[in-house]
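Thanks, I will keep this short.

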Amino acid sequence: MLIEKDVPIPSKKSKYNFDSMDVGESFTIPNKEPEATRLRVAASAYSRRHEEFKFTTRALGEVLRIWRIDNDEF
């Protein structure tokens with residue numbers, strides 16, 4: 001076994017770009033399981049880790065839309 005130093009840890013890549021969303025911005029995904037549940041769980045987990053981010057989702061027929069909202073909304 002070779003032990004190495006100073007090897008940088010790659011950053012985690014997210015399927016959803018929550019960190020680049022501004023308040024009021026949104027995106028959609030197909031409203032199908034398990035993708036819809038994965039998005040909701042990912043948004044909830046991201047909000048717990050980053051208190052300044054809050055999201056809401058709405059099923060709109062065949063798509064699920066997620067918005068970044070202000071912490072004072074809802």
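The largest nonpolar core has twelve residues, among them Tyr-16, Phe-18, Met-21, Tyr-46, Phe-53, Phe-55 and Ile-66. By nonpolar core I mean a set of buried Ala, Val, Leu, Ile, Met, Phe, Trp, Tyr and Cys residues joined through side-chain atoms within 4.5 Å; buried is under 20% relative accessible area, with a 1.4 Å probe and protein chains only. Helix H1 (35–49) and strand E3 (63–69) are the elements that give two or more residues to this core, and H1 gives the most, with four. Helices (H or I, at least four residues) and strands (E, at least two) are DSSP runs, numbered from the N terminus.

A word on the source: this is a predicted model, where local features need pLDDT of at least 70 and side-chain atom pairs count only at pLDDT 80 or more, while totals for chains, interfaces and linings use all residues. Residues are numbered from 1 along each chain as its sequence is written, and side-chain values use heavy atoms, with hydrogens and water left out.

Now the rings. There are eight aromatic pairs in the structure, meaning Phe, Tyr or Trp rings (six-membered ring for Trp) with centres within 6.5 Å; planes under 30 degrees apart are stacked, over 60 edge-to-face, the rest tilted. Phe-18 and Phe-55 have ring centres 4.7 Å apart and planes at 50°, so this pair is tilted. Phe-18 sits in the segment before strand E1 (26–30) and Phe-55 in strand E2 (residues 54–60), 37 residues apart. Phe-53 and Phe-55 are stacked, because their planes are at 25°, with centres 6.2 Å apart. Phe-53 is buried at 9% relative accessibility, and Phe-55 at 13%.

Methods: Buried means under 20% relative accessible area, exposed over 50%, partly exposed in between (1.4 Å probe, protein chains only).
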